[in-house]
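Here are my notes on the model, as numbered points. Please read them with the structure open.

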Amino acid sequence: MNKYKVCVYAICKNEEKFVERWVNSMKEADEIYVLDTGSTDDTVKKLRKLGVIVQIEKINPWRFDIARNKSLELVPNDTDICVCTDLDEVFVEGWRKKLESIWDKDTTRLAYNYNWLLDEDNKPKVNFYIEKIHNRTDYEWTHPVHEVLSYIGNKQEIKKYTNEITVNHYPDKTKSRSSYLPLLELSVKEKPEDDRNVHYLGREYMYYGKWNEAIDTLIKHLKLPTATWKDERCASMRFIARCYQNLNRFDEARMWLDKAMLESPHLRDPFVERALLEYRENNLKDVKKYCLKALEIKEHPKTYINEVFSWDYTIYDLLSISYFFENNLEESLKNVDIAISMNTDENNKQRLLNNKRIIQEKVSK
């Protein structure tokens, strides 16, 4: 017999292709609730056919926090544990049993394992904790985009962490994120002191190639008194450096990467970004220098802020090239072999194999 009443809730729009997979993953819950915000395909029909309780409501103007809160309102008040997911997410089987073994009557929230990005072999490339399992009464969603589950309870929040529950993310790459920028601008306008959203807005400007706006916004983030998380501060500095590179202002890019290294010497990311900058500028001695510094860092922090290129084949690829031009062919070959063994990108496979052939030809002369 189950110890707790567990309900899943979600928002969706035009996600018929994910419905069956998602429901199969969520059906360990007692009930599943979905707020459909205006699907024009068969999403609602398919959900209801599989036993999901669906309410339809258009949110205008659109905000993710309002939609999330309205979907949470669908969950009955006698629910012990609420599980918020999206239709492009899949729990690893057995999650309900593990959840009930971890949760107790004083728990208010659970942080669990989230594979945000997976490779072609379904192995995680970006992994961090996500915190969307919570009790029924003590939380609400805030912020128009990159919404946060905020604690509003009267007692102390009791949060637990586990690696025994895992959600895999399989995003729809055809979906537009065009609404993110105006919603982030609105979010920062509403709460200009919120360091997290100022950081996200600066990052979004960078994604859009708005280099100067990104630089100004990320510097604002760094000046906020609440911007104290070193990993995120380091990311802002790295993004500023990227913007300066795109403006062909490489000395300023180097200056900001130096700041990022000092801010978070426990992270590989600024060292690898500096190696990539020096590679772009054909400064191969410095490429090797910063790659070797990055490899001294062994711990991979479990946060969303880490870059894939800091932990994939990139470092070994760069080292192989650097050693080749130093005529250190043994080290060049060793590193290209490591890069090949770690490579999961078919676009790079042929290039790496071709590099290895060139190295071997030079060795045999």
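**Notes on the predicted model**

1. Strands E6 and E10 run parallel and are joined by 6 bridges. The model is predicted, so local features are taken up only where pLDDT is at least 70.

2. E6 and E10 belong to an open sheet of 8 strands. The order is E3-E2-E1-E4-E7-E6-E10-E5, and the pairing is mixed. Which strands form the edges? They are E3 (53–56) and E5 (89–91), each of which pairs on one side only. From one strand to the next, the twist averages 30°.

3. E6 also pairs with E7. Here the sense is antiparallel, with 8 bridges between residues 109–118 of E6 and residues 124–134 of E7. Arg-109 faces its opposite number, His-134, in E7. The loop between E6 and E7 holds Asn-122. The phi of Asn-122 is positive, near 65°, and the residue is not a glycine. Most residues other than glycine have a negative phi. Please check this loop by eye.

4. E5 and E10 pair in the antiparallel sense over 3 bridges. Glu-89 stands opposite His-169 in E10.

5. Two helices deserve a look against the sheet. H3 (residues 64–73) lies across E1 (6–12), E2 (31–36), E4 (81–84) and E7. The direction of H3 is at about 145° to E1. H4 (residues 95–102) packs on the sheet as well, and touches E1, E4, E5, E6, E7 and E10 (159–169). Between the directions of H4 and E10 the angle is about 170°.

6. The loop between E3 and H3 contains Pro-61. What kind of peptide bond joins Asn-60 and Pro-61? The bond is cis, with omega at about 0°. Most peptide bonds are trans.

7. A hairpin is built from E8 (residues 139–142) and E9 (residues 148–151). These strands run antiparallel, joined by 4 bridges. Trp-141 is placed opposite Leu-149 in E9. There are 5 residues between the strands of the hairpin, and His-143 has a positive phi near 85°.

8. H8 (residues 230–246) packs with H10 (residues 269–280). Their axes are 10 Å apart, at an angle of about 10°. Angles under 35 degrees count as roughly parallel, so H8 is roughly parallel to H10. On the H8 side, the contact involves Cys-234, Arg-238, Arg-242 and Gln-245. On the H10 side are Asp-269, Pro-270, Glu-273, Leu-277 and Arg-280. By class, the residues of this contact are 3 nonpolar, 1 polar and 5 charged.

9. Finally, the second largest pocket. How much space lies in it? About 170 Å³. Its lining includes Lys-105, Asp-106, Thr-107 and Thr-108. Asn-135 and Asp-138 also line this pocket, as do Tyr-151, Gly-153, Asn-154, Lys-155, Gln-156 and Ile-158. The lining residues divide into 2 nonpolar, 6 polar and 4 charged.

Note on methods
Residues numbered from 1 in each chain as written. Predicted model: local features only at pLDDT ≥ 70, side-chain atom pairs only at ≥ 80, totals over all residues. Heavy atoms only, no water. 1 Å grid on protein atoms, 1.4 Å probe; cavity = no way out; pocket = protein on both sides within 12 Å on 5 of 7 lines; lining within 4 Å. Points joined across faces, edges and corners; volume = space filled by probe spheres on them. Nonpolar A, V, L, I, M, F, W, Y, C, P; charged D, E, K, R; others polar. Axes fitted to C-alpha atoms, helices over the stretch in contact; angles between N-to-C directions. Parallel < 35°, antiparallel > 145°, perpendicular 65-115°, else oblique. Contact = heavy atoms within 4.5 Å. Pairing = 2+ DSSP bridges.
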